[in-house]
Amino acid sequence: MEKPGTPSSEQSDKAKKYDRQLRLWGDHGQASLECANICLINASATGTETLKSLVLPGVGAITIVDDAKVTPKDIGNNFFVDGESIGRPRGEVALHLLLELNPDVRGTFVDQAVDEILDNQPDFFSPFTCVIATCLPESTLLSLSKVLWDANIPLLVVRSYGMIGYIRVQIEEHTVIESHPDNEMPDLRLDRPFPALQKYMDSLDLETMDSKEHSHVPYVVILYKTLQQWNQRYGAPPKNYREKKDFIQLVKEGMREKESGEAEENFEEAMKAVNTSLMPTRIPSGVESILNEAASNTLTPSTRPFWIMAKALHEFVTSEGRGALPVRGTIPDMTADSEKYIKIQNLYREQAAQDADWVLRRVLELSQQLGPRKVMITESDVKAFCKNAHALRVLKGKSIAEEYKGSINLGDIGAHLENPESELVWYVMLRAVDQFHSEFRAYPGYFQDQVETDIVRLKVCVNRLLADWGCGPIIKDDFIHEMCRYGAAEVHSIAAYIGGCAAHEAIKIITAQYVPIHNTHIYNAITATSATFTL
Amino acid sequence: MTAVDWGERWSEVRKLLERPGPFTHPDFEPSPDTLKMLQENIKVLVIGAGGLGCELLKDLALMGFTDLHVIDMDTIDLSNLNRQFLFRKKDIGRPKADVAAEFINQRIQGCRVTPYYNKIQDFDDDFYRGFHLVVCGLDSIVARRWINGMLLSLLCYEDGMLDQSSVIPIIDGGTEGFKGNARVILPGLTSCIECTLDLFPPQVNFPLCTIAHTPRLPEHCIEYVRILLWPKENPFGEDVAIDGDDPQHINWIYEKAQKRGAEYGISGVTYRLTQGVVKRIIPAVASTNAVIAAACASEVFKLATSACTPMNNYCVFNDIDGIYTYTYEHEKKEECMACSQVPQNLEVRLTDKLKDIITMLTESFKFQMKSPGLQAMVDGRTKSLYLHSPASIEEKLRPNLKKTIEELGLADGMEIAVADVTSPTTILFKLKIIE
Ligand SMILES: [Zn+2]
């Protein structure tokens with residue numbers, strides 16, 4: 001966070017350069033990005049396009065592993081090679097042209113086949129925050145997947161194949177505190193006001209207010225008062241649509257006419273807010289299961305901070321919080337006089353601070369029991385954790401090696417594939433062309449004169465794969481023809497699309513902000529549609 | 001530049017262009033000539049050389065297009081460099097269009113990007129008629145509406161039938177943070193920018209009384225200084241307007257806003273927030289621009305070659321939680337002000353004042369005009385009702401604002417021509433008097 005009072009002259013060139021993104025992931029997100037060390041395997045168009053959107057925002061360092069030489073085909077689809085570079089190591093050329101984008105980024109290249117590295121340098125990948133791989137044959141991909149899974153290093157597989165794009169995230173476990181949900185419900189606790197809130201609300205009397213004060217009471221007060229009235233009459237807060245409609249009517253009855261004849265804006269806001277503000281305070285089911293997992297975890301010195309904080313949070317919920325998460329401490333803006341709004345805002349803030357303090361104390365106790373640790377948990381970590389408690393996310397991944405064993409984990413695959421709008425068919429096609437490649441050492445349709453024969457061969461591969469999954473030959477020939485038409489072509493606009501998406505997935509993993517795909521994304525540029533599958 | 005035999009250079013694109021497939025447009029005929037046509041005959045205009053524009057030029061050049069033109073009226077700023085990847089620190093202050101064109105022409109041999117350091121309004125219909133496709137990477141809705149109006153004005157109708165050869169497709173992209181959209185517009189045939197005006201609700205400003213009397217948010221404090229304090233104190237001299245790029249200006253606003261915040265117990269006024277509010281900054285990242293531009297480039301390629309059916313016709317993208325896209329057909333609005341060919345009715349009461357009509361034209365979701373000028377057709381002659389410029393005319397016509405429709409001598413069925421910056425042509429309305 002920016003310190004208040006920082007004079008403008010101190011706003012560094014770096015802050016100015018990154019201004020538009022710092023407004024999204026903050027200085028702390030940027031700091032994580034600048035510490036990250038990314039490895040790209042194969043500087044194809046899809047590979048360099050992915051790195052481009054990581055180099056521009058200022059990732060710490062990149063390493064390119066590539067033993068290919070620049071060919072005319074690269075000149076045709078890859079922006080990070082140039083006419084003079086034909087025949088030179090592709091990794092070196094691409095690295096040079098990528099680093100030229102942003103002097104803040106460091107980089108190296110390794111002119112070596114990834115198979116060799118996997119065979120001879122088992123620790124090669126350990127320094128990396130994230131590995132991005134593209135254009136790998138199935139066998140190499142599976143070895144790489146296994147090595148990185150065992151080493152607990154996130155792997156992103158990116159691919160563009162004709163008009164089809166593919167991204168696969170392989171990460172054992174990914175925890176997110178700042179998921180930045182789009183539409184948040186406010187956390188007002190009107191159904192269970194904390195004592196300070198209750199005391200303040202009860203000290204206000206709408207009846208005796210003069211007209212100016214009455215029309216400037218924040219709507220949270222109006223809803224509180226109306227709810228009291230309601231509860232006296234009906235015993236419990238409004239639940240369904242009908243009751244909420246009656247509740248809105250009750251709010252309306254409390255409205256006075258302003259001297260100008262207009263309606264009171266704060267009451268109108270209150271009526272609009274009934275739906276979101278009177279939602280019962282409860283723990284979202286996703287968070288509930290995180291807390292349950294945290295409760296059953298046995299902490300060890302290597303337990304990650306997220307799970308220590310989650311355990312403390314669970315204890316808060318079951319004791320101090322009486323079944324609720326810590327108060328979030330932020331309220332929406334509402335028509336009001338400054339004094340009352342800020343007074344109420346501070347009540348929520350103070351309660352949030354008090355709740356977070358409880359969690360912090362518990363976190364410190366738990367960490368003390370675990371002895372000295374590599375990663376310290378700070379007060380601001382705990383504050384952020386509590387503030388985002390309602391939006392915590394945990395993704396449990398699956399290795400690609402596991403995915404490729406036996407059938408995919410999608411229930412009725414046949415039903416999926418029979419749906420003409422399902423993008424799953426393209427996943428099957430990508431798996432099939434890989435098997436084709438393992439068998440024939442080239443992708444179907446790669447050579448102009450073999451397109452027709454390859455169609456027949458690919459069909460065999462597709463049906464064999466489906467049979468392995470217990471499905472009949474239900475894929476239409478159209479898809480097989482289209483795949484052979486592509487001949488594994490890496491078309492630039494598809495590479496650029498996938499590169500952009502994949503770069504942001506990497507940024508999500510690096511910053512632990514926003515939520516990565518879980519775990520396979522298919523992009524279909526024919527119809528400009530996409531889908532995500534958890535395989 | 002030495003001529004190199006790059007026989008394989010376009011092999012990836014050629015697979016799409018020279019092989020038949022089940023998902024191509026019905027008009028598609030696989031042929032090596034298509035690539036040649038792309039390179040020799042197709043002229044594409046890219047509007048904007050910013051976050052999307054830089055990407056679009058690269059994408060199109062690497063899809064085989066060689067005759068590219070780019071218009072941008074801006075110069076390069078330090079804050080562009082996190083995503084506008086054709087620009088370097090040494091280029092700051094230079095026109096975006098020029099630098100982008102130089103970079104692409106240097107990197108991609110054979111590609112010829114022609115830059116125009118101009119406003120789109122600097123060019124007339126002859127200029128725009130020269131392009132086969134127009135791709136927009138704009139951050140301004142007014143500019144989008146203007147170019148939409150321009151390309152609609154180029155349509156030729158014969159006996160009410162649209163001459164298809166006069167249709168210049170628009171491929172439009174937009175981004176904001178991690179969200180974006182891409183769409184294909186076939187002017188006269190599919191929904192246009194004005195058909196979907198309600199997707200871009202007008203900017204909401206804080207009520208003045210909140211800013212002046214009941215601030216609650218740090219933004220209210222900043223707006224107080226910007227709107228009320230600055231013109232009162234003129235800290236940098238009489239008539240010195242706020243320059244969002246001048247750190248001294250921002251700093252003055254920041255310090256005063258902080259002081260106001262402290263008076264009311266409002267925290268959270270930061271330098272970054274101050275700058276964001278004053279300049280109305282929209283957050284932007286490289287990745288979203290790359291994605292949306294690529295989606296647009298694919299559509300340009302499809303429309304130019306028929307190698308695949310185009311998107312139908314509107315796609316939204318969001319990668320905050322996973323990667324989400326939604327593609328749907330946005331329907332043409334039957335009474336669209338710009339593309340429907342249906343005369344527009346302007347419903348008024350005889351007692352409405354001219355200024356009420358202007359307010360309606362600017363504030364209603366349907367019109368969202370900026371500074372409309374109105375002329376009436378009375379007895380076959382044009383009578384100016386209100387014009388914003390020149391100043392002498394404005395002054396002369398100003399009293400009309402307070403006159404009613406009746407006092408102005410207007411009657412049911414009369415035609416009113418409205419001119420506004422959102423359209424290159426005037427829009428004809430028919431007055432409809434209601435009770
Ligand atoms: Zn329209």
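The structure is a predicted model.

**Exercise 1.** State which residue forms a salt bridge with Glu34(A), and where the two partners lie.

*Solution.* Step one: Glu34(A) forms a salt bridge with Lys14(A), and their closest N and O atoms are 3.0 Å apart. Step two: Glu34(A) belongs to helix α2 (residues 19-35) of chain A and Lys14(A) to helix α1 (residues 13-17) of chain A, so the pair ties together parts that are 20 residues apart in sequence. Step three: Glu34(A) is partly exposed, at a relative accessible area of 26%, and Lys14(A) is partly exposed at 39%.

**Exercise 2.** Determine whether Glu403(A) and Arg168(A) are buried or exposed, and which elements their salt bridge joins.

*Solution.* Step one: the closest N and O atoms of Glu403(A) and Arg168(A) are 2.6 Å apart in this salt bridge. Step two: Glu403(A) sits in helix α17 (residues 400-404) of chain A and Arg168(A) in strand β6 (residues 164-170) of chain A, so parts 235 residues apart in sequence are tied together. Step three: Glu403(A) and Arg168(A) are both buried, that is, under 20% relative accessible area.

**Exercise 3.** Identify the residues that are linked in a network of salt bridges, and state how many salt bridges there are over all chains.

*Solution.* Step one: the network links Glu49(A) and Lys52(A) with Glu55(B), Lys58(B) and Asp59(B). Step two: the count over all chains comes to 51 salt bridges.

Methods: Residues are numbered from 1 along each chain as its sequence is written. Chains are lettered from A and ligands numbered from 1 in the order in which they are written. This is a predicted model: local features need pLDDT of at least 70, side-chain atom pairs count only at pLDDT 80 or more; totals for chains, interfaces and linings use all residues. Side-chain values use heavy atoms; hydrogens and water are left out. A salt bridge is a side-chain nitrogen of Lys or Arg within 4 Å of a carboxyl oxygen of Asp or Glu. Helices (H or I, at least four residues) and strands (E, at least two) are DSSP runs, numbered from the N terminus. Buried means under 20% relative accessible area, exposed over 50%, partly exposed in between (1.4 Å probe, protein chains only).
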